[in-house]
Amino acid sequence: MSSMNFNALLLLLLALATTVGVFAQPKVTTLTPSRGPVGTQITISGDGFSAISDSNTVFFGPVRASINSANSTRLLVTVPAGAKFGPVNIINKQTRLSCMSDKDFELTFSPEPTSLASKVRLPGITGVADLQLNDMDGDGKADLLATSPTARQLIVLRNKTKTGEIDTGSFAAPIKYTTGPQPGIVAINDLDGDGKRDVILMNTGYSTVANANNSLSFFQNVSTPGHIKLFNIVITDSTEKAPASYNFQLKPGDKVTRFHDVDGDGKPDMLVLNSAGYLSIYRNVYIAGKPFKTMFGAPVAIPFDFEPSSFNIGDMDGDGKPDIVAASPSTSALALLRNNALKGVITASSFQYVSVTLNFMPVNFSLCDMDKDGKTDVLISKTGGKAPVLIHNTSTTGKFSGIPISLNSINLVSDYYNNFVLPDASGDARPDLVTYNTDFSAVSLYNNKAGPGQINKDYFKDEVTCPVSTLPDWIGDLDGDGLPEIMIGSAFGIDIYRTEASASLLTINKLPVNKVIKDEIAIYPNPASIYTNLKYTLPFNSNATVIIYDDHGKALKSFETGQKTAGSHVMALELAGLTKGVYVIIISAGEYARAGKLIIE
């Protein structure tokens, strides 16, 4: 056989293999080492990788890693700046298939974060929501993405930071893409297996009927290093014609959308929850070279016994398949759909329905392995600022079970719009908890000290009052120094708080915030303009110091109480010179410290 004929036959066989999907999905068996800081070289062992380094893409959280060498069963990679605690995502660009590691890579901080620098507010941006990070152009830096619901825009800012430096010039000018009405980011995921993560948004629209005209916008990522470029593309399912606009029209009542490889074929499928009590699963059937609009097959409907408010996806019984968990406030219950799907096949019988009755109304919930025992736990918030409940997962393959634990030490508020944030803020490979407290007067960080199999209420032992007044959208490393930043998107714009390292624990200008607790303090009137009163309770005889900070930790006013006896006292605080805004008042005496939020109008 001539060389030309042989090459032609090889190309034909490759095309046929791609069409019929005979390539093996990548699979990770081990990460060695499985723990370390930025710059650590790790070996990813498994199968289904490309032997060509550049034909693989490896993500550690939001950032793409450098691949030093590759063969079909091993990848040698370097943990990139901006990496995040969690599973490693691998995409074989030759086969267009992807996988997530079963085990998390445990990112450590070296040195550990101990303080917050002043806030940096990015210029020229206001009215943003859904702030997220992802390396969109593959240059190894986490770029910023957000939506502007009122302007109907997706906003992308390319990361230009230098190591350890963040200022108003650290990001390129915002790139703005038109969306549908009231957009929110649903997912950042590689839908077509080209190694670049695409962006999906839900447009909630305007209607007198809830969820009556929701739609999705799909943006294909065609970026190159140093240049971010997205295309708004048409997506349909096999049951409908191409829409008049670029938006994928959802069914009336469709309200929550997530993307996950449900059937284990290496392609992320689309799952949509409907308020009428069913879940639609659109299987990803994309074939390289085919039109994007035919990416999804016809929806498969999975019914619930109630009308769920939300759902999440995770392997609940350790069989390697992603299960579906849904919550119902109206019936005080959870539903677990155990995944029995065969590779490449999703039907209504692919899931086994299990109902879990709760003795309270679930508001929001998150899935995460809280104690590092290798099992996915369920953290559930209640109404009225009541203590959240952790269901400690004790399941075995094919059988769900768990132990409910009331986390009585946590004071928080949660509703349908304010969920838990579960970052690893301390670099110990455990998800910590960030949330509002019960009266929205502060944002609290609860450091997770759980050990494997721990089943008592002491999961979160230490409360830290954070010097920010809004729940963070994201906690991650932007400037490549190995320490996480706190990022907040709001009506005022995008605010970034850098973390720094020093000799003490987390501080606000040398004040040990790990000692600050939100209780035994009252501020009135609040809001105030000229003066306010501070009521506090001292546990011992002492002279206390009262400091008013702005919302990025800068001390503006300081007062001394004078020597006081143990017990309750009231002190008038004069507010001259303070402009309208949100402030934090902290009173401290030795190891005692209390904090509260003040609004000046």
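Strands β28 and β29 (residues 377-380) are paired in the antiparallel sense through 4 bridges, where pairing requires at least two DSSP bridges between two strands and a strand is a DSSP run (E) of at least two residues, numbered from the N terminus. Within this pair, Ser366 has Leu379 of β29 as its bridge partner. The model is predicted, so that local features require pLDDT of at least 70 and side-chain atom pairs pLDDT 80 or more, whereas totals for chains, interfaces and linings use all residues. Residues are numbered from 1 along each chain as its sequence is written, and side-chain values rest on heavy atoms, with hydrogens and water left out.

The two strands belong to an open sheet of 4 strands in the order β28-β29-β30-β31, with antiparallel pairing. Because β28 (365-368) and β31 (402-406) each have a single partner strand, one side of each of these edge strands lacks a neighbour in the sheet. From one strand to the next, the twist averages 20 degrees, with axes fitted to C-alpha atoms and angles taken from 0 to 180 degrees between N-to-C directions.

Across the whole structure, 0 disulfides were found, a disulfide being a pair of cysteine sulfur atoms within 2.5 Å. Cys99 is buried at a relative accessible area of 8%, and Cys368 is buried at 19% (buried, under 20%; exposed, over 50%; partly exposed in between; 1.4 Å probe, protein chains only).

Thr40 is located in the loop between β2 (35-36) and β3 (41-47) and is buried, with 16% relative accessibility. Leaving aside residues up to four places away in sequence, Thr40 touches Pro33, Val77, Thr78 and Val79 (contact, heavy atoms within 4.5 Å).
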